[in-house]
Amino acid sequence: MSSPTESVDPTEDAAGDDAAAGDDGREIPGWTPYREWFRDRWSEGGATAWATALGHLLVGGVLFALVAGFDLGTLPIGGSLVWFVYLSVTVAALYVATAPPAEPYVAWLEDRWMESDVDKLLIVLGHVVVVFFVFAVALGLPFNGLMGALSSVLFFTAVYAMMVLALNLHWGYAGVFNIGIAGFMAVGVYAMAILSSPTEAGAASVPGLGLPLPIGILGGVLAAAIVGLVAALPALRLRADYFAIVTVAFSEIIRLTLNSRTLQEFTIAGVTTGTGGATGITMPGNPVRLLFYDGFGAGAEPALLGSVLFPLFRGLRIELIPPGSSWLGVVPLPAFTLDLAVQPSVISNWAYVVVLSAFVALFYVLLVRTGNSPFGRVLKAIREDEVVAKSLGKDTNRFKIVAFMFGCGLMGLGGILWQGSQGFTNPGAFRPIITFYIWVALIIGGAGSNTGSVLGGALFAGALWEGPVYVRRVVTNYVDFGSTPSTFPGAVAPFVEGEVLPFLAFLLDNVSALRFILVGVILVALMQRRPEGLLGHRKEEAAAISLTRPGGGGGGGSTTADGDAVADGGREADGDGGAR
Amino acid sequence: MGISETYTRGRDLVTSRPSVLIVAGIVALLALDLVRQIATPGGLSTTQLVGYLWDGLVVGLSIGLAGVGLSMTYSILNFANFGHGDYVTSGAFAGWAVTWVIAGAGQFDLTTLLFIGSVSTRDLGVSAFATPLAIVVGLLVAAAATIVLSLVIDRLVYRPMRDEGGISLLIASIGVALALRYTIYIVFGQRTRGLTDAQSVPDIAIAGGFGVGGHEVALVVIAAALMLSVHFLLQTTKLGKAMRAMADNEDLARVTGIPTERVVRFTWIIGGGLAGAGGFLIALERGAMNFQFGWVLLLLIFAAVILGGIGSIYGAMFGGITIGIAQSISLVWLPSEFSTVAAFAVMIFVLLFKPDGLFSGVTTA
């Protein structure tokens with residue numbers, strides 16, 4: 001490995017040489033002093049080592065591009081296979097070579113991880129952003145595509161975070177095993193849609209009551225809470241697992257009722273409305289759209305923020321090296337433009353993500369406050385031992401009912417912000433499987449912890465939900481699998497004969513099913529090895545005063561999670577993006 | 001004296017549990033309405049009603065059959081196994097693959113048969129009457145394959161968590177369910193496939209224009225036989241006694257010298273075997289299946305088991321039949337889209353008044 005082909009990629013050679021260093025101390029003129037110098041700077045660690053590594057990476061990249069006859073205009077986002085290979089190889093080499101300089105990073109990570117819950121959240125969100133940045137580079141997505149992908153991941157992160165927070169109130173605080181989440185979501189969404197849809201139905205859907213949207217949303221939340229009350233009344237007398245079955249039966253009753261043709265359109269007291277049956281129901285327009293357009297229709301003109309931001313971002317291209325320029329008038333330089341253009345739809349998606357983040361923060365604050373209130377302490381006491389709570393004179397049934405209704409109302413609100421924001425929904429969106437996704441997210445994060453809930457939502461949405469799909473896109477982008485077999489036997493037959501590619505192609509084609517298997521396996525593994533979730537034993541004490549040492553983190557942490565999250569994510573993206 | 005006693009008891013009932021009266025009233029009203037509908041000329045005919053009851057019995061027995069296994073694992077291992085529906089599906093797929101291979105060997109491509117691929121069911125002509133051997137072997141394989149599957153999963157998933165609480169195991173079983181279901185999806189594909197040749201199944205005519213399908217009879221007979229054997233196994237064998245002891249109090253059972261791990265293994269063997277056989281028979285009766293029919297059925301199975309009271313074999317059978325009949329008899333009043341709603345509603349109603357199920361207190365008997 002220690003061949004003196006030092007020109008192309010010094011970092012790689014450094015890595016290789018590192019491995020071979022122990023063999024002999026041969027002096028190679030030019031190379032050995034250089035290596036010594038590199039090692040010295042390397043062992044200093046910290047910023048010096050990183051700067052050296054980055055410098056080498058940059059020089060290597062430019063040399064590589066020149067040798068490969070590359071148009072640098074495709075940098076930095078706008079990749080191709082060669083770039084991807086270069087990046088992966090150098091990053092891998094860097095990783096192997098930088099064991100000492102990586103230590104501060106790992107230590108820093110561990111440090112921050114132990115520090116506080118908010119830091120954990122920031123770390124996870126930051127890494128999700130970085131990973132999707134890498135995906136975007138690997139896919140050769142333009143900046144617009146990266147932003148689109150990120151907004152979609154963050155959308156799911158936010159909605160799952162909200163739902164998991166609401167579920168945490170049920171399971172983490174009150175110890176009520178609710179597996180009917182989808183049903184309560186459906187009630188909220190449908191009540192909102194029926195209340196707020198225009199009285200004049202278009203061709204697509206049933207007419208509504210035409211009330212203003214805030215009333216519709218409030219009505220949806222109230223409806224979900226009331227259905228929660230109806231579900232909780234019989235359920236209180238039941239054992240936890242019986243209660244679970246009752247809630248899931250409730251959610252199926254709701255879904256099947258919404259699905260029925262009978263209620264598709266009906267008239268009560270002269271007012272015609274309905275659920276739309278299996279074909280679904282049109283949602284009232286998303287008010288966030290009004291920030292950017294003068295109406296909800298497809299032909300709406302940009303207005304307000306839209307008229308300012310759309311033109312600004314549409315043409316956001318920074319010409320770093322104009323075409324035809326050269327270095328000192330001798331060496332011609334390739335043209336290089338930083339393309340930061342973003343489409344209007346992506347901008348409005350981001351705006352909605354910001355709104356959702358605000359709601360996540362609201363949910364978070366609300367639940368932390370609830371958890372620390374006298375009411376929350378009684379809930380925790382019930383969770384720990386209902387008999388004790390009862391003997392202290394607490395009407396545990398009332399507390400449980402109120403907590404259940406509160407959680408169901410939040411689930412209704414979460415459902416409205418999630419399914420209700422998409423313009424259209426149908427009962428198929430509220431199958432029991434949705435409930436289990438939310439449970440998986442809760443268990444990943446750790447029941448009983450509000451930060452864990454948000455964390456679980458982020459990990460579920462990023463790593464388990466969107467991640468596999470992007471992995472498939474990246475792999476199929478670079479590997480030509482030929483024809484994909486459509487059936488399992490068709491994929492296995494060549495596999496037995498030693499051809500792996502068709503089988504892989506088949507698996508990738510079925511990545512949406514594979515991720516269910518992944519979710520299942522992770523769920524089992526978590527329950528076996530870490531039933532308390534990522535954040536460890538996070539059951540908050542029922543005591544009014546903190547039982548931790550003074551100065552120790554203790555409870556919930558601050559509430560500025562979301563603003564910071566974006567900032568930190570950006571910073572990390574920059575750092576790592578530069579390193580590549 | 002007798003009158004006043006009855007009066008006092010009646011008054012107690014009214015004051016302490018008025019809801020019981022309300023439900024009794026509703027049930028009486030429905031019964032009266034049923035009689036009225038039958039009496040009205042042009043209304044519901046007796047044949048129709050008997051047809052509903054028979055359909056309910058068939059569906060109920062299939063639910064009950066799958067439910068017995070669930071009830072056993074529930075009472076002995078103390079957790080609601082959400083993977084049970086996918087055990088049912090797995091058994092059905094394993095059994096039907098073998099049935100197809102036996103029925104169609106030499107006639108069709110073996111691989112296509114093994115993966116229950118696209119073969120014309122008419123040409124293949126599988127039915128309990130045309131190809132009884134294939135069906136019997138398929139049934140046995142379905143049971144055997146599910147037993148192996150449930151033992152392997154127990155070894156990998158549940159045994160390391162034996163001391164955990166019921167909820168942890170429940171959540172793990174949701175993971176098992178997801179993994180199993182989508183493994184079946186990947187291997188067999190997502191389409192709903194026809195299995196039997198409906199032409200070759202005779203309808204057995206019974207008086208008054210009412211006939212029952214041959215496969216329905218097969219399901220009822222086999223299901224009843226299997227349930228009876230489970231009953232005798234639990235009541236008369238030492239193993240059954242050990243199981244009942246463990247369902248009552250596991251620690252006490254262990255102290256008494258009952259090899260609890262072995263009992264657990266036999267529980268999985270019986271429960272898994274019944275699930276697989278049940279899945280195979282349900283698919284036989286329906287003549288079609290897809291990768292998630294067990295999961296869809298699972299909620300009804302749970303409803304049946306809970307309705308009957310967990311741990312009670314009779315409860316599971318009775319609960320299944322109640323759910324099945326509630327589902328079909330609701331057609332008298334409600335559109336067919338609400339039949340499952342009716343079944344769940346009946347379960348919730350019963351739990352309102354008997355929170356531990358109809359056969360509460362009777363565990364594994």
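Predicted model: local features only at pLDDT ≥ 70, side-chain atom pairs only at ≥ 80, totals over all residues.
**Entry on A:Val378.** I looked up A:Val378 and found it in helix α13 of chain A, which covers residues 374–384. Setting aside the neighbours within four places in sequence, I listed A:Ala389, A:Lys394 and A:Phe399 as the residues in contact with A:Val378.

**Entry on α16(A) and α20(A).** I took this pair of helices next and noted that they pack at an angle of about 40 degrees, with their axes 10 Å apart; α16(A) and α20(A) are therefore oblique to each other. Their crossing is left-handed. On the α16(A) side I found A:Val440, A:Ile443 and A:Ile444, which meet A:Val519, A:Leu523 and A:Leu526 of α20(A). Sorted by class, the residues of this contact are 6 nonpolar, with no polar and no charged ones.

**Entry on chains A and B.** I turned to the contact between the chains, to which chain A brings 37 residues and chain B brings 40 residues. On the chain A side, α10 (240–259), α16 (432–445), α18 (488–496) and α20 (511–529) each supply at least two residues. Which helix gives the most to that side? I found that α10(A) does, with 12 residues. By class, I recorded 25 nonpolar, 8 polar and 4 charged residues on the side of chain A that touches chain B.

Technical notes
Residues numbered from 1 in each chain as written. Chains lettered and ligands numbered in written order. Contact = placed C-beta atoms within 7 Å. Helix = DSSP H or I, 4+ residues; strand = E, 2+ residues; numbered from the N terminus. Nonpolar A, V, L, I, M, F, W, Y, C, P; charged D, E, K, R; others polar. Axes fitted to C-alpha atoms, helices over the stretch in contact; angles between N-to-C directions. Parallel < 35°, antiparallel > 145°, perpendicular 65-115°, else oblique. Left-handed = near helix turned anticlockwise from the far one by under 90°.
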